Amino acid sequence: DDIDTIAFLTPERARFLEYDLTRMVYNLAHPDKPVVAVIGDLSLGGTTLNNFRPMAVLEQGLQLFDIRPLSGAIDKIPDDASMVILAQPQIREEKTLYAIDQFVMRGGRVLAFVDPLTEALDANMTPGRAPKQTAVSDIDKLLNSWGVAMSDKVVGDRQRGEDVSAGAAR
């Protein structure tokens with residue numbers, strides 16, 4: 001029982017018309033956006049390096065979800081949250097891990113973005129050296145209890161003319 005409009009149609013957005021209409025119908029059918037809690041140290045909202053431009057996942061997510069960042073020691077995931085996104089979290093508090101686990105046990109869903117070989121968490125890292133701490137080591141106990149294991153394999157590309165085997169065995 002509501003109205004939504006497309007103010008004007010432009011040729012540049014012609015290929016997105018079906019998407020725009022579908023999103024409008026969805027928003028009209030679901031006026032209350034689902035709540036998504038975000039825990040982590042990955043700068044989804046942007047950094048000084050990119051002039052604080054939010055990552056695409058956050059920009060797109062805000063169109064369909066009520067995204068709420070959680071920080072510090074967390075006693076309980078809010079009851080109205082339908083999903084938790086773990087974005088490269090550094091979780092030191094056991095009670096936060098317990099709160100996430102209890103959320104999952106209540107039927108909540110978790111989307112985890114964790115890089116076992118991240119360099120983003122150790123700002124003072126010397127190039128070429130392994131990071132001292134990773135998001136996976138912080139939540140390894142939780143992942144193991146869920147039956148999730150992270151691989152330490154790396155997929156990457158190579159520079160033109162570079163020997164493919166040079167970095168493969170490291």
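Visitor: Why is T96 called buried?

Guide: Buried means under 20% relative accessible area, with exposed over 50% and partly exposed in between, using a 1.4 Å probe and protein chains only. T96 has 2% relative accessibility, so it counts as buried. Please note that this is a predicted model, where local features need pLDDT of at least 70, side-chain atom pairs count only at pLDDT 80 or more, and totals for chains, interfaces and linings use all residues. Residues are numbered from 1 along each chain as its sequence is written, and side-chain values use heavy atoms, leaving out hydrogens and water.

Visitor: Which residues is T96 in contact with, leaving aside its neighbours within four places in sequence?

Guide: Contact means heavy atoms within 4.5 Å, and T96 has such contacts with G72, A73, I74 and I91. With I74 there is also a distance to look at: a polar atom of the T96 side chain lies 2.9 Å from the backbone nitrogen of I74.

Visitor: Where does T96 lie?

Guide: In helix α3, residues 94-105. Helices (H or I, at least four residues) and strands (E, at least two) are DSSP runs, numbered from the N terminus. Helix α3 lies across β1, β3 (81-87) and β4.

Visitor: How do you know that β1 and β2 pair?

Guide: Two strands pair if DSSP finds at least two bridges between them. Five bridges join β1 (residues 35-40) to β2, and the two run parallel. Within this pair, V38 stands opposite P69 in β2.

Visitor: What makes β2 and β4 edge strands?

Guide: The open sheet has four strands in the order β2-β1-β3-β4, with parallel pairing. Strands β2 (66-70) and β4 (109-113) each pair on one side only.

Conventions: Polar contact = N/O pair within 3.5 Å; in protein donor to acceptor, adjacent residues only side chain to side chain. Axes fitted to C-alpha atoms, helices over the stretch in contact; angles between N-to-C directions.
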